[in-house]
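Work through the exercises below with the sequence and the model open beside you. Try each task before reading its solution.

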Amino acid sequence: MSTGVQHQERVPMNLKKQLALAVRNIQWSYAIFWSISTRQPGVLEWGEGYYNGDIKTRKTVQSVELNTDQLSLQRSEQLRQLYESLSAGESSPQAKRPSAALSPEDLTDTEWYYLVCMSFVFNIGQGLPGRTLSSGQPVWLCNAHCADSKVFGRSLLAKSASIQTAVCFPFSGGVVELGVTDLVFEDLSLIQRVKTLLLDDPQPIVSKRSIQVDGMNNDLACPALDPLILATKLSPILGCEQLETVSPDDSPDGLEPKQSREDSLLIEGINGGASQVQSWQFMDEEFSNCVHHSLNSSDCISQTIADHRKVVPLCRGENDNGLQDVEECNQTKLTSFDRQNDDRHFHEVLSALFKSSHPLILGPQFRNSNKESSFIRWQKNGLVKPQKERDETPQKLLKKILFLVPHMHDRGLIESPETNAVRDAAWRPEADEICGNHVLSERKRREKINERLMMLKSLVPANNKADKVSILDVTIEYLQTLERRVAELESCRKSEARTKIERTSDNYGNNKTNNGKKSSLSKRKAYDVVDEADQEIGYVASKDGSTDKVTLSMNNKELLIEFKCPWREGILLEVMDALSILNLDCHSVQSSTTEGILSLTIKSKYKGSSVAKAGPIEQALQRIASKC
Amino acid sequence: MENSTQESHLRSDNSVTYESAYTVYAMALSSTPSSTNINHQRIALGSFLEDYTNRVDIISFDPETLSFKTHPKLAFDHPYPPTKLMFQPNRKSASSSSSCSDLLASTGDFLRLWEVRESSIEPVTVLNNSKTSEFCAPLTSFDWNDVEPKRIGTSSIDTTCTIWDIEKCVVETQLIAHDKEVYDIAWGEARVFASVSADGSVRIFDLRDKEHSTIIYESPQPDTPLLRLAWNKQDLKYMATIQMDSNKVVILDIRSPTTPVAELERHHASVNAIAWAPQSCKHICSAGDDTQALIWELPTVAGPNGIDPLCVYSAGYEINQLQWSAAQPDWIAIAFSNKLQLLKV
């Protein structure tokens, strides 16, 4: 009894407050003061602590409103009480269980870590606090959760609690340990600051026993609790601390991580050599069972503790309680081995049942034991999903394979699926998005083509049909027609140049002089008057308005005479006589009389080989015309 | 949540990655062990280049050393991207014979068969159904019947499905399967297959009765195409399909048409590929644009909030392809951008 009290004596009450201040100031998660045990020389054990980390539930038993400082202090107190209630296993069954204000399922991982730390004991020179004390130098540990267990024995614990940084420095005969869930790089000034804060309110290190006891007994339902019992129920662990604590989760899946960690922990525990497996796992089992059955009362816990109190190990290497403890220790060890065997056995049972040892089939229980899997367990809240901007099409590659690629084979062109999407307008927008530039250029090209075809249609006369093929056909025909005409006209021009056209005007006297002009005039006029319908080549018609006119044109031995004169009786006979004298054989005569003017068109051929000159023919006709 | 990120960092060592020179889409795992080493797994990768020249490469994977080995000679050109690649399932590799060749089928414009030997790939046949012109309707997908290995069913954009007898290299039958383009086809057993199409329906066909087909599911919004189909080969009651632009994997029980058994809706973006587990009848894996591959276990009774996946893997890119081969039930192959990754289950 005295030892327990003495142990408490060395730690001043205000140290707690100072720790609280310090850790709050630097905003770290917890602060622990490891003090040299009075019961066991050369051993560091839990002195005082303050928890400043995440809290899961705020189970306020008191009705009194407290401010944040007091609440936090109370929290740390409650954690301490919980620890003590849990470790109180050896008291007689009749004794009332101390019902702590907190129950294990209220705790976050970090709180559990803090709580389990209370059970730790370090030899001087061993463990982080031990080494700090022996060296007298501060130790700053980054990535505590990944640290080697030889360096930082509680690294696995820290991993579960996400404690990433742990710092120890010697202080007033003990070691102050600070920890935080963030990664903080070494900063000696921080240590200095904490030291200053701790020394800020120096008070004589004289314990007030009553206060201590009261502090501990706060909120206990059973005031008769002997602090000594509690103290002696601390289960120290010597050597390497290779424990892992598990926190009961709210989800029923909480079973799984516990057991898996338990598996790993057991294995490591056995490998740990001198370490003795603590009973936490058993308690945690029960807690998890409680959680699983969603019982939240502390009574449940107490009952289970009562059931398993035998199992609580109080194995100490060297202590004076004698054989009893050793037996218990052995018992614990055995049961722990059994537990591990149980799991393996169950694993085998499942494998035999399902005829497979594949982790998928065996169920989520053994999932995490398969450390090699690339997959990780699904979390309700999900992993932090990449906040990538989803402006691209969904299922882009899949759509391309299904929609685009088949059409690539279509005539070897990368045509847009738009042309084939007339039936399925639903996914047209996606197709557009996929094709992008192709669609636009294709569409433009088609529009241009259609436009030009319309123009063609309008140029070609007599085109009724509107489809592209017909438009093209009609245009081809029209083009060919035009080409023929152009060819004809061109050859007509040539033959005109060959043919001599002579004309006589009514003004006979001026014949010679005018002839040239007139003939050229007539020629010019002849070209102006080319009638399309008349395909007679070499046909020259004069539209001169004067009477008494003779026009001769020659074509292939055929003479064409056009003659106008005032009509009189018998004139036609005279013309015929004159022509026959000139050896002309008339085979076609057209005559008409209008307004007293006779118009004669005579086609004649030469009789024989002699060719009458144009001159005498004209003269003869003129003579006839002028006779009257 | 911090725990999970830590774990995933640790576990990324367990996935094996192969980086290809081009974007990969089509992928196939061989069911025949490689002749050189009985444990090696052959994988065929088809490129996706929007060009005429595309390539199919064969690489082999060693599960013990977790490494890939490329075979430069085992490659061939393919006109336009191959839409699907598949090795012949359950190919009896004659252990006595030295030449242990594998048969690989590819679809694109035609169904082509290739013989994969130790140091070369020889084209076997080009199966072309069109009698009139060289132009044949391009194929979107195909499935190799594992009960009857000489039978391959292909799906095409001309709304038909063609069943080929590849030993005789003739068409067994050609059915007009849907009103619109058929996007995927899957064999149930020797004479029964199912197909999905742009008209949004899943239909089952029996070769014994070609006149009739059964619609077992239609997408709720009419005319929303169903893009992929997977039939659970371990438990033929169940099929899975994915809709266009949907993040749901629809699980169907063929005994109760039109109503899906479950809709797995935990992807954050649309799903690209699905594959049933080859060793268990209850597990399915899906991968999508949210860069995640999820493994689900189908319970007998679903909870009120829907079914949660068992586990998840984040790739970092949109995952386009997923293959879970019976030859390697411990490994899931995924493809994203130009990488192939093998994940240990």
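**Exercise 1: a strand residue in chain B**

Task: list what Ser155(B) is in contact with, leaving aside its neighbours within four places in sequence.

Solution. Ser155(B) is in contact with Leu139(B), Thr140(B), Ser141(B), Thr160(B), Cys161(B), Val182(B), Tyr183(B), Asp184(B) and Ile185(B), once neighbours within four places in sequence are left aside. Contact means heavy atoms within 4.5 Å. Helices (H or I, at least four residues) and strands (E, at least two) are DSSP runs, numbered from the N terminus. Last, check accessibility. Ser155(B) has a relative accessible area of 0%, so it is buried. Buried means under 20% relative accessible area, exposed over 50% and partly exposed in between, with a 1.4 Å probe and protein chains only.

A note on the source: this is a predicted model, in which local features need pLDDT of at least 70 and side-chain atom pairs count only at pLDDT 80 or more, while totals for chains, interfaces and linings use all residues. Residues are numbered from 1 along each chain as its sequence is written, chains are lettered from A and ligands numbered from 1 in the order in which they are written, and side-chain values use heavy atoms, with hydrogens and water left out.

**Exercise 2: two loop residues in contact**

Task: locate Asp146(B) and Asn90(B), then trace their contacts.

Solution. Start with Asp146(B). Its loop runs between strand E10 (139-144) and strand E11 (151-156) of chain B. Asp146(B) has 25% relative accessibility, so it counts as partly exposed. Leaving aside neighbours within four places in sequence, Asp146(B) touches Pro89(B), Asn90(B) and Lys233(B). Now take a distance. Asp146(B) and Glu189(B) are 43 residues apart in sequence, and their C-alpha atoms are 7.9 Å apart.

Move to Asn90(B). This residue is in the loop between strand E6 (84-87) and strand E7 (102-107) of chain B. Asn90(B) is partly exposed, at a relative accessible area of 45%. With neighbours within four places set aside, Asn90(B) is in contact with Ser31(B) and Asp146(B).

**Exercise 3: another loop in chain B**

Task: which residues is Leu66(B) in contact with, leaving aside its neighbours within four places in sequence?

Solution. Find the loop between strand E4 (53-62) and strand E5 (67-79) of chain B; Leu66(B) lies there. Leu66(B) is partly exposed, with a relative accessible area of 34%. Its contacts, neighbours within four places aside, are Val16(B), Phe61(B) and Trp331(B). Ser15(B) is 51 residues from Leu66(B) in sequence and 8.4 Å away in space, C-alpha to C-alpha.

**Exercise 4: positive phi**

Task: find phi for Ser172(A) and Thr258(B).

Solution. Phi of Ser172(A) is near 40 degrees, a positive value in a residue other than glycine. Ser172(A) lies in the loop between strand E5 (165-171) and strand E6 (174-180) of chain A. Ser172(A) is partly exposed, at 48% relative accessible area.

For Thr258(B), phi is near 70 degrees, again positive in a residue other than glycine. Thr258(B) is in the loop between strand E20 (249-253) and strand E21 (260-264) of chain B. Thr258(B) is exposed, with a relative accessible area of 55%.

**Exercise 5: a helix pair in chain A**

Task: describe how H20(A) and H21(A) pack.

Solution. Take the angle and the distance. Helix H20 (residues 571-581) and helix H21 (residues 614-626) of chain A pack at about 160 degrees, with axes 10 Å apart. The pair is therefore roughly antiparallel (angles over 145 degrees count as such). The contact involves Ile571(A), Glu574(A), Val575(A), Ala578(A) and Leu579(A) of H20(A), and Ile617(A), Ala620(A), Leu621(A) and Ile624(A) of H21(A).

**Exercise 6: the two chains**

Task: how many helices and strands are there in chain A and in chain B?

Solution. Chain A comes to 21 helices and 12 strands. Of its 628 residues, 47% are buried. Chain B has one helix and 28 strands. Of the 345 residues of chain B, 61% count as buried.

Definitions and conventions: Axes are lines fitted to C-alpha atoms, for helices over the stretch in contact, and angles run from 0 to 180 degrees between N-to-C directions. Angles under 35 degrees count as roughly parallel, over 145 as roughly antiparallel, 65 to 115 as roughly perpendicular and the rest as oblique.
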